[in-house]
Amino acid sequence: MRLTAAISREGDWFVAQCLEVDVASQGQTMEESRDNLAEALALYFEDQEADVGEAPVIMPIDIAV
């Protein structure tokens, strides 16, 4: 199964969030947060029906502030 992760830095940590289902994790590096998210998703889908829609379209938006 292929899912989409959005990873952002929050202080000293990287937070990885799955965009298709409401699961998130963190780590001290981007790779660690991604790996931890993959583990959390595997545990999530152990007890859930794998009902995932299409992957979201990700694009930047520029605004003037």
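1. Tyr44 is partly exposed, having a relative accessible area of 30%, where buried means under 20% relative accessible area, exposed over 50%, and partly exposed in between, using a 1.4 Å probe and protein chains only. Phe45, at 17% relative accessibility, counts as buried. Rings of Phe, Tyr and Trp (the six-membered ring of Trp) pair if their centres lie within 6.5 Å, with planes under 30 degrees apart counted as stacked, over 60 as edge-to-face and the rest as tilted; by this rule the count comes to one aromatic pair. The ring centres of Tyr44 and Phe45 lie 5.0 Å apart and their planes stand at 85 degrees, so this pair is edge-to-face.

2. A note on the basis of these values: this is a predicted model, in which local features need pLDDT of at least 70 and side-chain atom pairs count only at pLDDT 80 or more, while totals for chains, interfaces and linings use all residues. Residues are numbered from 1 along each chain as its sequence is written, and side-chain values use heavy atoms, with hydrogens and water left out.

3. On the overall layout, the protein has one helix and three strands, and along the sequence these follow the pattern β-β-β-α. Helices (H or I, at least four residues) and strands (E, at least two) are DSSP runs, numbered from the N terminus. The C-alpha atoms fill a box of roughly 45 × 30 × 15 Å, taken along the principal axes. Of the 65 residues, 22% count as buried, and the accessible surface comes to about 5300 Å², of which 48% belongs to carbon and sulfur atoms. Accessible areas come from the Shrake-Rupley method with a 1.4 Å probe, and for residues only the protein chains shown count as cover.

4. How are the strands joined? Two strands pair if DSSP finds at least two bridges between them. Strand β1 (residues 5–10) and strand β2 (residues 13–18) run antiparallel and are joined by six bridges, and they form a hairpin with two residues between them, where Gly11 in the turn has a positive phi of about 65 degrees. Strand β2 is also joined to strand β3 (residues 24–27), again antiparallel, by four bridges, and the hairpin between β2 and β3 passes through five residues. Gln17 in β2 stands opposite Ala6, and the bridge partner of Gln17 in β3 is Ala24.

5. Gly27 lies in strand β3 and is buried, with a relative accessible area of 0%. Contact here means heavy atoms within 4.5 Å; leaving aside neighbours within four places in sequence, Gly27 is in contact with Trp13, Phe14, Glu32, Ser33 and Asn36. The C-alpha atoms of Gly27 and Ala16 are 8.2 Å apart in space, for residues that are 11 apart in sequence.

6. Across the protein, residues 24 or more positions apart account for 25% of the contacts with a separation of 6 or more.

7. A salt bridge is a side-chain nitrogen of Lys or Arg within 4 Å of a carboxyl oxygen of Asp or Glu, and by this rule the count comes to one. The partners are Arg34 and Asp35, whose closest N and O atoms are 3.3 Å apart. Arg34 is partly exposed, with a relative accessible area of 43%, and Asp35 is likewise partly exposed, with 44%.

8. Two further points concern the ends of the chain. Met1 is found in the segment before β1 and is exposed, with a relative accessible area of 69%; not counting residues up to four places away in sequence, Met1 touches Phe45, Ala50 and Val52. Met1 and Thr29 are 28 residues apart in sequence and 23 Å apart in space, C-alpha to C-alpha. Val65, in the segment after α1, counts as exposed at 98% relative accessibility. Val57, Met59, Ile61, Ile63 and Val65 make a nonpolar surface patch of about 690 Å², where patches are made of residues with over 30% relative accessible area and no salt bridge, like charges being joined within 9 Å and nonpolar side chains (Val, Leu, Ile, Met, Phe, Trp, Tyr) within 5 Å.
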